[in-house]
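Colleague: Could you take me through this structure? I would like to begin with the strands and then move to the packing.

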Amino acid sequence: MTETKTSAAIESVLTEERVFHTPAGFSEAIGGAYVESMEDYERQYQRSIDDPEGFWGEAASEFDWMRPWDRVLEWNCPDAKWFVGGQTNICHNCVDRQVDQGHGDEVAIIWEGEPMDGAPEVRTFTYRELRDEVSRCANALKKLGVKKGDIVTIYLGMVPELAVAMLACARIGAAHSVIFGGFSAQAIADRVEDARSRFLITGDGAWRRGSVVPLKENVDQALEMTDHVEHVLVLKRIGNDVDWKDGRDHWWHDVVDGESTECPCEPVDSEHMLFLLYTSGSTGKPKGIIHTTGGYMVYAALTARTVFNLVPDRGQVYWCTADIGWVTGHSYIVYGVLPNRVPTFMFEGAPNHPDPGRFWDVVERHKVTQFYTAPTAIRAFMKWGDEHVEKHDLSSLKVLGTVGEPINPEAWMWYHKKIGGERCPIVDTWWQTETGGHMITPLPGATPTVPGSCTRPFFGIDAVIVDEHGEEQPLGSGGLLAIRSPWPAMLRGIYGDRERFVDTYWKRIKGMYFAGDGARRDERGNFWIMGRVDDVINVSGHRLGTMEVESALVSHEAVVEAAVVGMPHEIKGTGIAAFCTLEPSRKPADAEATKALIKELRQHVGVEIGAIAKPDVIRFTDAMPKTRSGKIMRRLLRDIAAGVEREQDMSTLEDKNVLAQLRGES
């Protein structure tokens with residue numbers, strides 16, 4: 001089935017003719033759409049651009065402030081200050097405000113553990129219970145010596161105490177630096193060293209596909225590489241034996257459980273650092289992205305409410321499948337959802353353990369209404385087979401979302417039909433660790449959606465396609481995706497490295513934030529993310545986005561997932577290398593069958609895009625090198641395609657065995 005039709009013009013573009021309007025009855029089913037039409041969107045969007053201080057001041061007024069702000073925005077590119085002079089506390093607005101307003105007995109968090117020996121463990125926290133647990137943890141941290149302005153490193157699995165620890169730090173004015181629980185000892189040491197963190201929270205271990213992730217062991221190894229950490233708070237989750245250092249290590253149940261539930265929230269300045277979150281670059285050490293309190297609080301909550309149409313008192317249950325170790329979990333499991341008074345679901349484990357139907361079993365049992373996951377997961381669901389979906393009742397679902405990378409049209413259509421039953425709007429969100437929240441996204445109830453396009457900018461986001469000189473390009477053209485004006489949740493810097501902050505995000509296009517992505521805007525005004533600018537391939541003078549070649553490959557019935565990179569080519573300058581995972585039934589039996597399938601796929605891409613886009617090399621692989629959040633690490637594939645080996649930051653790589661297999665080493 002053909003999902004995309006493209007031309008091989010010098011600036012090729014995905015053209016998708018299918019448009020999906022809001023399903024009939026959606027507004028009533030969801031409890032009322034916040035944005036009910038494109039006319040409503042256009043009106044609110046224009047106001048947010050013309051009068052950002054009025055728009056964002058109104059949004060911020062819904063929160064509790066210990067001291068009102070003097071000015072909404074102070075902008076001196078590249079430095080923004082939002083709600084200048086205001087004081088607030090994000091923990092108060094996530095938790096205490098709900099209790100104060102009479103909602104203390106309502107469910108704030110639902111958590112489900114990995115199934116072990118039968119039924120999974122389920123725990124729920126009301127807002128009052130969450131406030132009490134957070135207060136206990138905050139008091140314990142203070143007794144360990146944590147003070148306002150300190151940075152507390154958190155290295156835990158997906159357990160409720162992870163959210164509790166984050167909120168406890170925010171409650172007392174300490175910043176947190178969450179490290180994904182699958183990272184190595186070296187990655188922990190690097191981040192602790194960069195943040196100069198004196199306090200670390202971890203666990204004895206975490207469950208993952210029935211195996212134990214040795215969190216404490218990794219921490220112990222990391223702390224042999226750095227001498228900054230003075231105290232380690234350890235949660236007992238697994239019950240396995242761990243090494244212990246008296247005076248440094250403290251059990252959570254010993255120091256937290258007996259603490260007082262009285263712990264007032266510390267007023268902090270709007271620009272007070274809320275958290276550091278490290279993101280890897282293609283070279284060099286990971287970047288510590290700084291996010292502050294007031295602007296991030298307002299933006300995360302408004303985007304969560306509007307993009308997912310979160311409506312309290314309507315029986316909604318919201319589930320983002322990300323790990324809190326990534327920015328998606330920060331913004332759309334914890335800080336953006338709790339202020340909106342809709343239960344946020346936390347999940348421990350993997351989507352295919354104990355079987356490939358785990359996610360759909362969760363949706364059915366917990367009556368999930370909003371579901372937010374990554375395209376790489378969706379493609380895996382497709383590969384595992386529809387039978388795992390069809391045995392479950394998914395009728396509770398109202399809104400579907402995608403995050404992390406562009407979604408190819410075929411995966412979008414499968415998601416729309418098989419998971420959403422053709423009744424759920426799909427919000428395909430584009431944003432980054434650095435942006436703090438959604439930047440370009442459909443709004444359910446308003447935006448006509450197009451498979452593969454993230455459609456229109458969110459309120460206040462002045463997104464534009466420019467050339468290398470910063471000149472805006474007309475509709476129908478491609479170029480660099482930039483943001484012309486500040487937004488409340490934007491990063492405030494790279495911790496300890498001002499020069500890198502300016503060079504990375506502000507130097508290439510004067511006066512604009514450059515996201516690092518190439519994009520297009522079609523004649524209807526919809527944005528299409530074409531991949532990182534280093535993933536735009538110049539083949540004999542023709543610029544091809546890797547995403548469109550990948551989409552063409554995946555639209556072939558044999559291909560489940562594809563990653564396309566550039567490679568050196570004697571004649572073209574740059575050739576195209578494609579790595580593909582196949583449907584199990586289509587794996588070639590021998591060398592001749594392999595050659596035949598490669599020829600078939602090259603011809604297919606030629607039909608879909610044009611002869612210029614035919615891959616020069618196609619390699620089949622059982623798995624892709626991915627980060628632990630599911631993104632394909634194309635920079636590693638570029639080295640493999642070029643036949644070179646160089647030292648790169650691989651702290652986010654999930655399985656190093658995949659690289660060995662691709663290089664033919666195993």
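This is a predicted model: local features need pLDDT of at least 70, side-chain atom pairs count only at pLDDT 80 or more; totals for chains, interfaces and linings use all residues.

Colleague: In what order do the strands of the open sheet of eight run?

Modeller: The order is 12-11-8-6-7-14-15-23, and the pairing is mixed. The edges are strand 12 (249-251) and strand 23 (493-494), each of which pairs on one side only.

Colleague: Do strands 7 and 14 pair in the parallel or the antiparallel sense?

Modeller: Strand 7 (residues 175-178) pairs with strand 14 (residues 273-279) in the parallel sense, over two bridges. His176 has Phe275 of strand 14 as its bridge partner.

Colleague: Where is Val234, and is this residue buried or exposed?

Modeller: Val234 is in strand 11 (residues 231-235). Its relative accessible area is 0%, so Val234 is buried.

Colleague: What does Val234 touch, not counting residues up to four places away in sequence?

Modeller: Val234 touches Thr202, Gly203, Asp204, Lys216, Trp244, His250, Trp251 and Trp252.

Colleague: How far is Val234 from Lys148?

Modeller: The two are 86 residues apart in sequence, and their C-alpha atoms are 21 Å apart in space.

Colleague: Turning to the nonpolar packing, which residues touch the most other members of the largest core?

Modeller: They are Trp56, Leu130, Ile154, Leu167 and Tyr335, in a core of 118 residues. A second, separate core has 28 residues, among them Trp360, Val362, Met382 and Val389.

Colleague: What is Tyr335 in contact with, leaving aside its neighbours within four places in sequence?

Modeller: Its contacts are Ile90, Cys94, Met166, Leu167, Ala170, His176, Leu274, Phe275, Tyr296 and His330.

Colleague: On to the helices. At what angle do helix 4 and helix 5 cross?

Modeller: Helix 4 (residues 90-100) and helix 5 (residues 127-144) cross at roughly 130°, and their axes come within 8 Å. That angle makes helix 4 oblique to helix 5. The crossing is left-handed.

Colleague: Which residues make that contact?

Modeller: Helix 4 contributes Cys91, Cys94, Val95, Asp96, Gln98 and Val99, while helix 5 contributes Tyr127, Arg128, Leu130, Arg131 and Val134.

Colleague: How do helix 7 and helix 8 pack?

Modeller: Helix 7 (residues 185-195) and helix 8 (residues 215-222) pack at an angle of about 55°, with their axes 8 Å apart. These two helices are therefore oblique to each other, and helix 7 passes helix 8 in a right-handed crossing. Ala185, Ile188 and Ala189 of helix 7 meet Asn218, Val219, Gln221 and Ala222 of helix 8.

Colleague: How many residues of helix 17 are buried?

Modeller: In helix 17 (residues 546-554), nine of its nine residues are buried. They include Glu548 and Glu550 as well as Met547, Val549 and Leu553.

Colleague: In what sense does strand 21 pair with strand 22?

Modeller: Strand 21 and strand 22 (residues 477-483) pair in the antiparallel sense over four bridges.

Colleague: Why does Thr581 count as buried?

Modeller: Thr581 counts as buried because its relative accessibility is 4%, under the 20% limit. Thr581 lies in strand 29 (residues 573-582). Beyond its neighbours within four places in sequence, its contacts are Ala558, Val559, Val560, Glu561, Thr621, Asp622, Ala623 and Met624.

Colleague: Finally, the backbone. Where are cis peptide bonds found?

Modeller: One joins Cys77 and Pro78, with omega about 10°, and Pro78 is in the loop between strand 1 (71-76) and strand 2 (79-84). Another joins His353 and Pro354, also with omega about 10°. Pro354 is in the loop between strand 17 (344-347) and helix 12 (358-366).

Colleague: Which residues have a positive phi without being glycine?

Modeller: Arg209 is one of them, with phi about 55°, and Lys367 is another, with phi near 55°. Arg209 lies in the loop between strand 9 (206-208) and strand 10 (211-213) and is partly exposed, at 38% relative accessibility. Lys367 lies in the loop between helix 12 and strand 18 (370-373).

How values were computed:
Residues are numbered from 1 along each chain as its sequence is written. Side-chain values use heavy atoms; hydrogens and water are left out. Two strands pair if DSSP finds at least two bridges between them. Buried means under 20% relative accessible area, exposed over 50%, partly exposed in between (1.4 Å probe, protein chains only). Contact means heavy atoms within 4.5 Å. A nonpolar core is a set of buried Ala, Val, Leu, Ile, Met, Phe, Trp, Tyr and Cys residues joined through side-chain atoms within 4.5 Å. Axes are lines fitted to C-alpha atoms, for helices over the stretch in contact, and angles run from 0 to 180 degrees between N-to-C directions. Angles under 35 degrees count as roughly parallel, over 145 as roughly antiparallel, 65 to 115 as roughly perpendicular and the rest as oblique. A crossing is left-handed if the near helix is turned anticlockwise from the far one by less than a right angle, and right-handed if clockwise.
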